[in-house]
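Here's a quick tour for anyone meeting this structure for the first time. Have a look at the sequence and the 3D view, then read on.

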Amino acid sequence: MRLQKIGLILTGGGSRAAYQVGVLKAIAEFSPRSSQSPFTIICGTSAGALNAATLAINARHFRKGVNYLLNVWKDFRVHEVYRSDFVGVFYNGVRWVAGLILSSFGSDKLNYVSLLDNAPLIELLERALPCEKIQESIDCGALYALSITASGYGSGHSVTFYQGAEDIEPWRRARRVGLPTKIEIQHLLASAAIPFIFPAVHIHREHFGDGSMRQLSPISSALHLGADRILVIGMGPGGYEDNESRNKIDEYPSLAQIAGHALDSIFLDGMEIDLERLRRINKIVSLIPEDILLQINLRHVDALVISPSKPLEKIAERHLHGLPWTIRVLLRAVGVMRKNGANLVSYLLFDKSYCRALIDLGYQDAMKRKDEIIEFLGQREHEPENTLSQ
């Protein structure tokens, strides 16, 4: 009997991805010590791509990979992701304004300008992620496939770069393709290049930006790679209802509020719609005889979703002081410090106090669903020898 492949989908969201680490911490504690990753298919998008690559590299030792993520995220500083020193912020700001002016005269200088300079992140990834070990995880059978999704600015396609077993077939659907490749740092940077905020990355024949853009079917990559069950660690509303959004608000939205709303639509909406589609297909599949299902290539796919039980933007509001003064001044100009402006910051606040709060929230949310997760992963409950460090 063929062993079922369990897929893990790590969505995007900038610094919000710290929440994923908390959930993974709990899952690691549920798992036997020194065990392989329970996820043989790992799909990452945007900041989730960085977490996904780390797990793929350490697929033979799941706890080790999660511990590494914990050690990085719990002590994150803004300057490790993008330049926050006065010279760096001032220089990038001047380039941004100059690019806007020159573009009106037909110059393409704006093409190489972003609000923030992510050179520190490039150095961090090159130092911390030995991507050549991904193939080692595949060769030993601990990993079946890793996929990283980015959005092509030229073609308009959502491109899933994947590295995995030789029997995986590339795919092409409307506005989305799957391409076999050797995953490298440039793929991770492209997937995490939030539009306007971080620079696009050139891969092969075009420039790519954040993978959450135009990702019409975030679950499809895991299905194409052969996942039978899927665990999604999302960033959208989980166990809470945002009542404030229904109150009457006469004040004109700030640029920060508009930007935060746009990022929400990029990072959150696609997954919610795709999950609804998957549930509907599962219902249809349950009504079709098995012999007919084999002919039309449809199958039931179980999905378990772990999402924040509290609004992350509200947590970000309490940790705004974690931003360097240079970034606070820059963001104040676009209305971040006004009411409803913190949503944008919730994507950019790579500060240890905020990240630790999200890690703790993710851990608590997963612990509340311990039995459900253990059953979904097909694991036997056991008493962990000790908890992972935070």
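Let's begin with Asp 274, which counts as buried because its relative accessibility is 4%, and the cut-off for buried is under 20%. Keep in mind that this is a predicted model.

Who does Asp 274 team up with? Its side chain meets that of Arg 277 in a salt bridge, at 2.3 Å from N to O. Both residues sit in helix H10, which covers residues 269–286, and they are 3 residues apart, or about one turn of the helix. Arg 277 has a relative accessible area of 30%, so it's partly exposed.

## Other salt bridges

How many salt bridges are there? The count comes to 8. Another of them brings together the side chains of Arg 369 and Glu 372, at 3.0 Å from N to O. Here Arg 369 is partly exposed at 26% relative accessible area, and Glu 372 is partly exposed too, at 38%.

Then there's Asp 75, which forms a salt bridge with Lys 74; their closest N and O atoms are 3.2 Å apart. Asp 75 is partly exposed, with a relative accessible area of 33%, whereas Lys 74 is buried at 13%.

## A strand under cover

Now over to strand S2, made up of residues 41–45. Is S2 mostly covered or mostly open? It's mostly covered, with 5 of its 5 residues buried. Ile 41, Cys 43 and Thr 45 point one way from S2, while Ile 42 and Gly 44 point the other way. Whichever way they point, all of these residues are buried.

## The neighbours of S2

Which strands does S2 pair with? One partner is S1 (residues 6–10), which runs parallel to S2 and is joined to it by 4 bridges. The other one to look for is S3 (residues 145–152), also parallel to S2, with 5 bridges joining the two.

Helix H1 spans residues 18–30, and together with S1 and S2 it makes a right-handed β-α-β unit.

Terms used:
Residues numbered from 1 in each chain as written. Predicted model: local features only at pLDDT ≥ 70, side-chain atom pairs only at ≥ 80, totals over all residues. Heavy atoms only, no water. Buried < 20%, exposed > 50% of the residue type's maximum accessible area, 1.4 Å probe, protein only. Pairing = 2+ DSSP bridges. Right-handed = clockwise from strand over helix to strand, strands pointing away. Salt bridge = Lys/Arg side-chain N within 4 Å of Asp/Glu carboxyl O.
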